[in-house]
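This briefing concerns the sequence and structure shown below. The points that follow are grouped by topic.

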Amino acid sequence: MGALSNAEVGLRSTTGSARYFQPDAETMPREQLAALQLGRLRDSVRNACEHVPVQRARCDAAGIVPDDIRSLADLQQLPFTLKSDLRDHYPFGLFARPCHELARLHASSGTTGKPTVVGYTAQDISNWADLMARSLHGAGARAGDVVHNAYGYGLFTGGLGAHYGAERLGGVVVPMSGGSTERQVALIMDFRARVLCATPSYALAIAEVAEAQGVDLRTSALEIGMFGAEPWSQAMRLEIEARLGIKAVDIYGLSEIMGPGVACECECRSGLHGWEDHFLFEVIDPDSGQPLPEGEAGELVITTLTKQALPMLRYRTRDITRITTAPCDCGRTHLRILRVTGRNDDMLIIRGVNVYPSQIEAVLVGRPRIAPHYQLVVERRGKLDHVTIEVEAAPGVDASSYGDVSRDVAHHVKSMVGVTTNVHVKAPGEIPRSQGKAVRVRDLRPKGA
Ligand code: DLL
């Protein structure tokens, strides 16, 4: 028997019919928004210059005095901040508040060297909760909803970020974190979760475990998935929606700027609203550093406007996307960033062709005879990079046809992405499943080559 819907058990409540979580901010006319941004930009630069010696030295060198910032165009005179700056000034060198004034620290572990550490005042945490609640509400979540939070809790910003946001919304949070997937399935059913927060790859792993247990999550109370923290394709969205019977919403963020909720899709799902009352968004040419006109793809650069503990000036995210300020049907006035296709660092150059793993994913997911799990193995042969796509046969596909499946996949990747690859078909279950961010690329090239 299917679970009762939340409406049937009376879980939906107070904010049911309101269209926006913070109507004044979310629908602020763009002129007014720009005026607010200008004042906040000046404050943010002042905060950085007065309290962060590294930032002051940089602004001095660029001849910038906070009070001289007279228009948003002056932003372009500010120096960039890089991820390496956080590492070079580890742990607290870019903080504008002493450690004892902070409410929380988060960190991301790099593959090499020191982690990236970020800090928040109580006010920063509160603003973050607001933006995350705004994001959840825009995606359709409401007060009273049971929010099953499978983002990892701990130093990663996903778990606590979604947790505080869901609480701020008035949701009933189930603080699961990642892992114990069978238990996740049972609790989603038993607690009648309406909203699932997870990485898209982990959502798929949950769906798979449910199916293996004979549980049909499509009959559960789940209606909305808030998926982010890793690149994912439209094909993956359709796959997850079909297997979980939900609406899958894209949410973006990064710890250096805040965490989840920097930008999120609304009910229209045609781009992610970047919350411009708290951040300034630019897209630049990653090679020249020059700003690109609206609509052109390049590296996303974000400046924080309200962060107290860690004001970020023109932070280079390495994420590749496009921006549009065209009005959205939802009535929110904030610009939209388009789906982040990948990080600059993840781009592979296969015989001269630039490829992001998500482009290959778009071809793989939904293809007949293979499951939506994959890894790309990159090797150096002679002077050339060589990519093997490891895919998994769908359950029930006979091993004698793996050769045929491999040729079919290679053919479609060649015709749709333009690169020649080897395709290695593995048996069901052989590709590792993620509980957080999926590892899509195994890079076997010699380090430093
Ligand atoms: O991943 C914050 C987050 C948690 C976002 C939960 C959304 C949901 P970091 O660990 O610092 O923070 O990783 C940030 O992940 O620069 C992107 O490369 C990637 N990323 C995050 N969201 C998306 C998305 C969190 N929706 C890095 N699409 C970012 C594509 C994403 N990539």
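In which loop is the place of R269? In this predicted model, R269 lies in the loop between β8 (259-265) and β9 (272-274).

**Backbone features**

- R269 is not a glycine, yet its phi is positive, at about 50 degrees.
- Y90 and P91 are joined by a cis peptide bond, with omega about -5 degrees.
- P91 itself is placed in the loop between α5 (83-88) and β1 (104-108).

**Ligand surroundings**

- The ligand is surrounded by 20 residues, and the closest are D250, I251, S255, D319 and K437.
- I251 takes part through its backbone: one of its polar backbone atoms is 2.8 Å from a nitrogen atom of the ligand.
- S255 takes part through its side chain, where a polar atom lies 2.6 Å from an oxygen atom of the ligand.
- D319 likewise has a polar side-chain atom that lies 2.6 Å from an oxygen atom of the ligand.
- On its own the ligand has 610 Å² of accessible area, and the protein covers 94% of that area.
- Two or more residues of the shell around the ligand come from each of the elements α7 (157-169) and β7 (247-254).
- The element that gives the most to this shell is β7, with five residues.
- By residue class, the shell around the ligand comprises nine nonpolar, five polar and six charged residues.

**Helix pair α6 and α7**

- Helix α7, one of the elements that give two or more residues to the ligand shell, also packs against another helix: its axis and that of α6 (residues 122-139) come within 7 Å and cross at roughly 75 degrees.
- Since angles of 65 to 115 degrees count as roughly perpendicular, α6 and α7 are therefore roughly perpendicular to each other.
- On the α6 side, the contact is made by I125, S126, W128, A129, D130, M132, A133, L136 and H137.
- On the α7 side, the contributors are T157, G161, A162, Y164, G165, A166, R168 and L169.
- The residues of this contact between α6 and α7 divide into 10 nonpolar, five polar and two charged.

**Helix pair α8 and α9**

- The axes of α8 (residues 181-191) and α9 (residues 200-213) come within 9 Å, with a crossing angle of roughly 80 degrees.
- Helices α8 and α9 are therefore roughly perpendicular to each other.
- Helix α8 contributes T181, E182, Q184, V185 and I188 to the contact, while α9 contributes Y202, A205, I206, V209, A210 and Q213.
- Among the residues of the contact of α8 with α9, seven are nonpolar, three are polar and one is charged.

Terms used: Residues numbered from 1 in each chain as written. Predicted model: local features only at pLDDT ≥ 70, side-chain atom pairs only at ≥ 80, totals over all residues. Heavy atoms only, no water. Axes fitted to C-alpha atoms, helices over the stretch in contact; angles between N-to-C directions. Helix = DSSP H or I, 4+ residues; strand = E, 2+ residues; numbered from the N terminus. Parallel < 35°, antiparallel > 145°, perpendicular 65-115°, else oblique. Contact = heavy atoms within 4.5 Å. Nonpolar A, V, L, I, M, F, W, Y, C, P; charged D, E, K, R; others polar. Near = heavy atom within 4 Å. Polar contact = N/O pair within 3.5 Å; in protein donor to acceptor, adjacent residues only side chain to side chain. Areas by Shrake-Rupley, 256 points an atom, 1.4 Å probe, with all protein chains shown as cover.
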